[in-house]
Amino acid sequence: MDGVYKKWKESNVHVLNHGLHYGSCVFEGIRIYDGKIFKLEEHVDRLFRSADLLDLKIPYNNLEINKVMYELAKKQNVLNGYIRPVVWRGSEKMAISAIDSKTHIAIATWAWPSYFSPEKILEGINLTISDWARPSPNSAPVDSKAAGLYMICSLSKHEAERKGFDDALMLDYRGLIAEATGANIFFTKKRKLFTPIPDCFLNGITRKTVIEIAKLQGLEVEENHFKPEFLEDCEEVFLTGTAVEITPVLSIDKYKFTVGEITKLLINEFNKVVKD
Ligand code: PMP
């Protein structure tokens with residue numbers, strides 16, 4: 001935390017920090033597979049980009065952060081787990097404008113095998129469409145992994161879980177399919193893969209990896225804009241993200257899907273890539 005190794009219980013912030021009150025906070029979610037940090041440079045680059053979009057100046061460079069990630073994972077003996085770097089504006093000033101406040105950074109890691117249980121992954125999950133919409137690029141810094149953007153994600157997921165679903169599908173401000181609350185989405189139709197253009201939500205690192213894998217497997221991938229009705233005759237649907245990896249989706253409200261060959265093939269290939 002701010003350049004010093006601290007015990008979990010001692011890694012605290014003041015209650016009057018700007019990140020907590022005004023949402024000036026960005027973070028990353030990164031996985032460690034067998035001691036190797038997956039797509040480390042891409043995640044750290046995104047952390048810097050996210051911070052920049054929120055006018056936060058991280059007082060270290062990318063290489064220093066990359067190095068600390070490995071040191072920390074080693075120190076904590078995390079072989080298969082998760083790394084959470086978080087960057088926030090400090091407590092110097094309790095006001096909307098806090099231009100001269102310090103930017104802080106902390107990095108935590110813990111062992112964490114899977115977001116959904118292995119049985120749940122193969123079983124597939126059930127989603128419901130949220131009433132909350134992903135904002136337009138001129139309403140929020142949509143390319144930033146900013147804590148504030150997760151407010152509507154938590155609200156959507158809470159509501160979905162209370163109704164008995166596993167997660168929510170969010171449409172965007174135009175009513176087009178966007179993503180789940182913490183993951184991107186793919187669909188298949190007649191052995192072709194489709195995924196929404198990430199023009200108002202994160203272009204996930206897992207999403208990009210899955211597109212590469214799919215193309216290498218000879219699958220055609222179309223990035224486009226899709227209305228919810230597109231789901232009508234989709235055969236397979238799955239989510240992608242650092243936390244969820246590739247998780248098949250069985251239903252989105254009235255639309256039903258199967259955990260089919262394409263999803264299984266991509267899960268298999270993805271599992272090879274992350275351990276490569
Ligand atoms: N969208 C949202 C809202 C997310 O939180 C995540 C997880 N970071 C993703 C998409 C997927 O991104 P990635 O594959 O880079 O983890």
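1. Let's begin with Trp-112, which counts as partly exposed because its relative accessibility is 22%, and buried would need a value under 20%. Please keep in mind while reading that this is a predicted model.

2. Which kind of ring pair do Tyr-82 and Trp-112 form? There are 12 aromatic pairs in the model. In the pair of Tyr-82 and Trp-112, the ring centres are 4.9 Å apart and the planes meet at 80 degrees, so this pair is edge-to-face. The pair links distant parts of the chain, 30 residues apart: Tyr-82 belongs to strand β4 (residues 81–89), while Trp-112 is in the loop between β5 (103–111) and α4 (118–123).

3. Is Tyr-82 buried or exposed? With 7% relative accessibility, Tyr-82 counts as buried.

4. Phe-194 lies in strand β10 (residues 192–196) and Phe-230 in the loop between β11 (220–224) and β12 (236–241), so the pair ties together parts that are 36 residues apart in sequence.

5. Both members of that pair deserve a check for burial. Phe-194 has a relative accessible area of 8% and is buried. Phe-230, at 17% relative accessibility, counts as buried too.

6. Which ring does the charged end of Lys-75 sit over? That ring belongs to Tyr-5, and the charged end of Lys-75 is 4.6 Å from its centre.

7. Next, find Asn-17 in the segment before α1. Asn-17 counts as buried because its relative accessibility is 5%. A polar atom of the Asn-17 side chain lies 3.2 Å from the backbone oxygen of His-14.

8. Val-15, Leu-16, Leu-20, Tyr-22, Met-94 and Ile-96 make a nonpolar surface patch of about 610 Å². One of these residues, Tyr-22, is found in helix α1 (residues 18–22). Tyr-22 is partly exposed, since its relative accessible area is 39%.

Conventions: Residues numbered from 1 in each chain as written. Predicted model: local features only at pLDDT ≥ 70, side-chain atom pairs only at ≥ 80, totals over all residues. Heavy atoms only, no water. Patch = residues over 30% accessible without salt bridge, like charges linked within 9 Å, V, L, I, M, F, W, Y side chains within 5 Å. Areas by Shrake-Rupley, 256 points an atom, 1.4 Å probe, with all protein chains shown as cover. Salt bridge = Lys/Arg side-chain N within 4 Å of Asp/Glu carboxyl O. Helix = DSSP H or I, 4+ residues; strand = E, 2+ residues; numbered from the N terminus. Buried < 20%, exposed > 50% of the residue type's maximum accessible area, 1.4 Å probe, protein only. Phe/Tyr/Trp six-rings, centres within 6.5 Å; stacked < 30°, edge-to-face > 60°. Lys NZ or Arg CZ within 6 Å of the ring centre and 35° of its normal. Polar contact = N/O pair within 3.5 Å; in protein donor to acceptor, adjacent residues only side chain to side chain.
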